[in-house]
Amino acid sequence: MNWIMERVLNYSEDILNRKINACVKHKWAVKRFLKDYEACQNNNGPFYFDEEAVEDFYWFAREFEHTEGVLAGQPIELTDFQLFLAANLLGFKKKENGARRFRKAYIQLARKNAKSQFLAILSAFITFFGDEKQRAFIAGWNKDQSDEVYTAVKEGIANSELLAGKWRESYGKIEVFRNNSVIVPLSRETRKTGDGKNPSLAVIEEY
């Protein structure tokens, strides 16, 4: 077990031991995670847990920098809660084809808890490192909402030495050279075009 997963498991235990305050639904999520993680260790079920994917996400997040406040210019350091989210979304995979087990997530946080920042990192991670072409669409009720996550993606990858020269922005979307993936902001006005989007990743801000 790597030290990233130790943080996730310690966080989960702290939730259940009431060292960290949490609502009932989050406690349920923690119990489910621990049960699923333990099942993967038995190696007799349909899923396995990819610890390297979670660790890769942690190090990728550090390519992003804070852009505001007293931490401006410093690398993003994911909190234990954010690592818990990443472990749920990226860690569990199907043995038959390596596809992620969980395809949908509902994340509800109070303001100023870096939700948009986390979604931006997740969007960039999936699009830049997918083996096939990924289509990531960031939707909001209005353009300002969808632009918030999209701008966070753009600012993050612009500050990354790892991703320098590996993408471009044109016609209001980000294009990844390695796999031709795209990240596109949308709003409800987009439905007037009638285009089919066929997303690999859909982020719905302020759902």
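Glu 169 is partly exposed at 37% relative accessibility, a class that lies between buried (under 20% relative accessible area) and exposed (over 50%), with a 1.4 Å probe and protein chains only. This is a predicted model, in which local features need pLDDT of at least 70 and side-chain atom pairs count only at pLDDT 80 or more, while totals for chains, interfaces and linings use all residues. Residues are numbered from 1 along each chain as its sequence is written, and side-chain values use heavy atoms, with hydrogens and water left out.

The side chain of Glu 169 meets that of Lys 154 in a salt bridge at 3.5 Å, N to O, the term meaning a side-chain nitrogen of Lys or Arg within 4 Å of a carboxyl oxygen of Asp or Glu. Because Lys 154 lies in helix α6 (residues 143–158) and Glu 169 in strand β4, the pair ties together parts that are 15 residues apart in sequence; helices (H or I, at least four residues) and strands (E, at least two) are DSSP runs, numbered from the N terminus. Lys 154 is likewise partly exposed, at 28% relative accessibility.

Strand β4 (residues 167–170) runs antiparallel to strand β5 (residues 173–176), and four bridges join them, where pairing requires that DSSP finds at least two bridges between two strands. Across this pairing Arg 168 stands opposite Glu 175 in β5, and the side chains of these two residues also meet in a salt bridge, 2.7 Å from N to O. Glu 175 counts as buried at 17% relative accessibility, whereas Arg 168 counts as partly exposed at 46%. The hairpin has two residues between its strands, and Tyr 171 takes a positive phi near 55° there.

## Other salt bridges

The structure holds nine salt bridges. One of them joins Glu 205 to Lys 115, with the closest N and O atoms 3.0 Å apart, and this pair links distant parts of the chain, since Glu 205 is in the segment after β7 (201–204) and Lys 115 is in helix α5, 90 residues apart. Both partners are buried, Glu 205 with a relative accessible area of 2% and Lys 115 with one of 18%. Elsewhere, Arg 7, Arg 62, Glu 77 and Asp 80 are linked in a network of salt bridges.

## The nonpolar core

The largest nonpolar core has 52 residues, and those with the most contacts inside it are Phe 33, Phe 49, Phe 57, Leu 78, Ile 121, Val 153 and Ile 157. Helix α5 (residues 115–129) gives the most to this core, with nine residues. Such a core is a set of buried Ala, Val, Leu, Ile, Met, Phe, Trp, Tyr and Cys residues joined through side-chain atoms within 4.5 Å.

Ile 157 is in contact (heavy atoms within 4.5 Å) with Phe 64, Ala 124, Phe 128, Leu 163, Trp 167 and Ile 174, leaving aside its neighbours within four places in sequence.

## Helices α3 and α4

The buried residues of helix α3 (residues 51–61) are Glu 51, Ala 53, Val 54, Phe 57, Tyr 58, Phe 60 and Ala 61, and they pack against α1 (3–16), α2 (24–42), β1 (47–49), α4 (80–91), β2 (92–94) and α5.

Gln 82 is found in helix α4 and counts as buried at 7% relative accessibility. Not counting residues up to four places away in sequence, Gln 82 touches Glu 77, Asn 113, Ala 114 and Phe 118.
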